[in-house]
Amino acid sequence: AWAEDCVNRAVTALLSQQEFDACVSLCFNIGCKAFSGSTLVKLLNTGDYDGASVQFSRWDKQKGQVLAGLTRRRAEEARLFEKTEIT
């Protein structure tokens, strides 16, 4: 719930359910402070959804080391973010 609240406070742009879910997943993993101050959020809030999508891949490190698990997680979050709903 805290990650959902953080995303709701930080992101002023309209988000689809998939975009919101991807942001919540990232926020849950990196923390509210890091998420709120991220370039991803700044780009979203200016309406640059494509630019924001690319930002997920930047969060694949722990203590400066790229971790394969984080790389996979970020790729999945980016795919979810980019997924379009069929109505």
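K61 is partly exposed, with 46% relative accessible area; on this scale, buried is under 20%, exposed is over 50%, and partly exposed lies in between (1.4 Å probe, protein chains only). The model is predicted, so local features need pLDDT of at least 70 and side-chain atom pairs count only at pLDDT 80 or more, while totals for chains, interfaces and linings use all residues. Residues are numbered from 1 along each chain as its sequence is written, and side-chain values use heavy atoms, with hydrogens and water left out.

Side chains of opposite charge can pair when their charged atoms come close. Four salt bridges turn up in the structure, each being a side-chain nitrogen of Lys or Arg within 4 Å of a carboxyl oxygen of Asp or Glu. One of them links K61 to D60 (3.1 Å, N to O), and D60 is buried at 11%.

E77 sits in helix α6 (residues 68–82); helices are DSSP runs of H or I with at least four residues, numbered from the N terminus. Through shared partners, salt bridges tie R73, R74 and E77 into one network.

Beyond its neighbours within four places in sequence, E77 is in contact (heavy atoms within 4.5 Å) with A22, S25, L26 and F56.

Terms used
Helices (H or I, at least four residues) and strands (E, at least two) are DSSP runs, numbered from the N terminus.
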